[in-house]
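Let us walk through this structure together, one stop at a time.

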Amino acid sequence: MLQSIAQNLLNALQWGSFYSLIALGYTLVYGVLLLINFAHGDIVMVGAYIAFFVSSLLLGHYQMLPFNLPGGVALALAIPLTMILTAAVGVTLERIAYRPLRRKGAHRLYVVITALMCGLILENGNLALLGASRKKFPEMVDKVVYTFGAVSVTNLKIAVIFTAFLVFFLLQFIVTKTKIGMAMRAISYDKFAVPLMGIPIDNVIVFTFILGSSLAGLAGLLSALSYPILDPYMGLSIGWKAFIAAVVGGIGDIRGAFAGGFILGFLEIMVVAFFPSTYRDLFAFSILLFILTLRPTGLFGVAKTTKI
Amino acid sequence: MIQEKMTVPAALLTLLMMIMGLAHFEIIDLYTQTIILFIGINIIISSSLNLVNGHMGEFSCGHAGFIAVGAYVSSILSVALFTQDRVFGAPLLPPAYAALAFPLIIFAGGLAAAFAGLLVALPSFKTRGDYLAIITIAANYIIITLIINIDKIGGARGFMGMKRVVMAMEEVAEIPWMILWVFLFTVLVVMAIRRFVSSTYGKGIIAIQQDEVAAEIMSVNTNKMKLIAFMLSSGLAGVAGGLYAHVVGYVNPKSFDILKSTEALVMVYLGGMGSITGSVLSAVFFTLLLEALRPLQIIKWIVIPLLLIILMQFRPEGIMGHRELGDIFPRLKKFYRFK
């Protein structure tokens, strides 16, 4: 019993790491722009596909490179390549769809609808381009299983959890300690006064999108490594759920998104461990509803006071 | 003056008679009839969601959950009452009464959906903005998974049998009943929303949209207003769901997931926030667009979002913006009056 709980805890840590990574991307964009980037889940999907093509290319499956790399080296190269390419996708979306609307001063909900539409285009474009057949992600590293008593951990699981924590501390550092992080916080505080101070607002926003989308690419790659089946709609439900996780933590807050992702991961794994898996969403979301009723601005959120 | 006031009802009556006549004598085929029915249902969906998203200014993105509640409750009621069914057994009432009781059944579905709306309305007292958006998404997920887990009503397989109720209605009198009901409910719902928004309650809801704290200070009972607006909006969505279930004859929890909510959101923001005419126009436009692009199959779902994105770039406030038809053509105002 205790062992199964420990095993479930580890699984939940891994599952929560995915949610946390994606929720961090949501919360970054939200924190700066106050824009719910509903296309983020689909950017994760795009990231997974990019990772698939990049790693197939590096492993020599397409015979386009003069050399075939061994799995470990290919993975080490695929990670930065995937992050860069996915960031390019995110920045393109910002440039084409969001920035003109921002310039026009459209109501933010119209930007949200545009984001939803961008997500639809990404997933259906993928479906039209690559067909409905699912892709099997190539195996790049050998699975090593460490066993402690009856609890077993794979090296992949450890890597995923470790990456999530690393990214969290890195982001926390960037946002609170660096100059560009300060600019990001300034924009989120007052979008109209910031350009007056000589801060290049567009560059900071592009940087935010680069950070957020590269995290989505990383999450896509890691989830493809752990669950090696890719399909165009994989970003849909994980995107909505990561958004929910970000909000439960208090959206716009990096610690909140991180904690929220893990909370949702724990809830889902624990529900599946004790009930039929069809009850997963029911219990998880009921508890989230309860949390939000108790703390209306999320766990780490601060209620904004409105002045009249 | 009195004749001018009657223009709108007369025009609506003529339209209804025309559509029903065309459908009865099979001048328009079943496919076209279904599109007309879907237009009516989508008008109800978009204008009811606009009540919360546009007039009250809260971002609700789980509307499909309430549509699902209405669809399931009314179809279970009608199947249990009027047909021989595997699960529910012999009809409890003679099937001939179906035509009479149908509006009541749809109303019951709406009522159930209104109470499901409490799931969103009660947390909305303290929660605002994007946090409320999450609660609505969560409510949508909760309702869908609840339905999936009730095996008695088909679970994930779906629920059917509503076609037999419609057939029972047609035995009473040979007229296209569904067109009649959808038309009546659409007109009633749009009228009800129009009257609600221009009433004292509606003013309170618009005050919440402008500034909730200021509204509270001006002695608007914001909690009560939100409760009423959310329950009315989800109740009307339930009405749309009941009609949808009886038109299609089959309901499935999968067809009421977030994608359906997204469709509703698109219709609202395409039409313009807080504009009833906008919601109606965009529902018509969107339904026709969906059907016109059907031959493209999967490409359809790339073309439509692309069209909407381009539209947003050129007209970021939707088709009508915040205005009504009467604001654009002031002369039309003398043809209708609500107060």
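Our first stop is A:K157, which is buried (under 20% relative accessible area, where exposed means over 50% and partly exposed lies in between, with a 1.4 Å probe and protein chains only), yet A:K157 has no salt bridge. A salt bridge here is a side-chain nitrogen of Lys or Arg within 4 Å of a carboxyl oxygen of Asp or Glu. The nearest side chain of opposite charge belongs to A:E139, 15 Å away; Lys and Arg count as positive and Asp and Glu as negative, while His and the chain ends are not counted. You will find A:K157 in helix α5 of chain A, residues 155–177. Helices are DSSP runs of H or I with at least four residues, numbered from the N terminus. Setting aside neighbours within four places in sequence, A:K157 is in contact with A:Q7, A:L10, A:N11 and A:Q14, contact being heavy atoms within 4.5 Å.

A word on the ground rules: this is a predicted model, in which local features need pLDDT of at least 70 and side-chain atom pairs count only at pLDDT 80 or more, while totals for chains, interfaces and linings use all residues. Residues are numbered from 1 along each chain as its sequence is written, chains are lettered from A and ligands numbered from 1 in the order in which they are written, and side-chain values use heavy atoms, leaving out hydrogens and water.

Now move to chain B and its helix α2, residues 7–24. Its 18 residues reach 25 Å from the first C-alpha to the last, close to the 26 Å expected at 1.5 Å a residue, a span taken as 1.5 Å times one less than the number of residues. Which residues of α2(B) are buried? They are B:L16, B:I19, B:M20 and B:A23. These lie on the same side of α2(B) because they cover an arc of only 95° around the axis, judged by the directions from the helix axis to the C-beta atoms. Their cover includes α3 (30–55) and α9 (177–197) of chain B. Just after α2(B), B:E26 takes a positive phi of about 55°.

Further along, B:T262 sits in helix α13 of chain B, residues 258–271. B:T262 is buried, with a relative accessible area of 6%. Beyond its neighbours within four places in sequence, B:T262 is in contact with A:L116, A:M117 and A:W240.

Finally, consider the cysteines. The structure holds zero disulfides over all chains, a disulfide being a pair of cysteine sulfur atoms within 2.5 Å. The sulfur of A:C118 is 17 Å from the closest cysteine sulfur, in B:C61, so the two are too far apart for a bond. A:C118 is buried at 5% relative accessible area, and B:C61 is buried at 2%.

Methods:
Helices (H or I, at least four residues) and strands (E, at least two) are DSSP runs, numbered from the N terminus.
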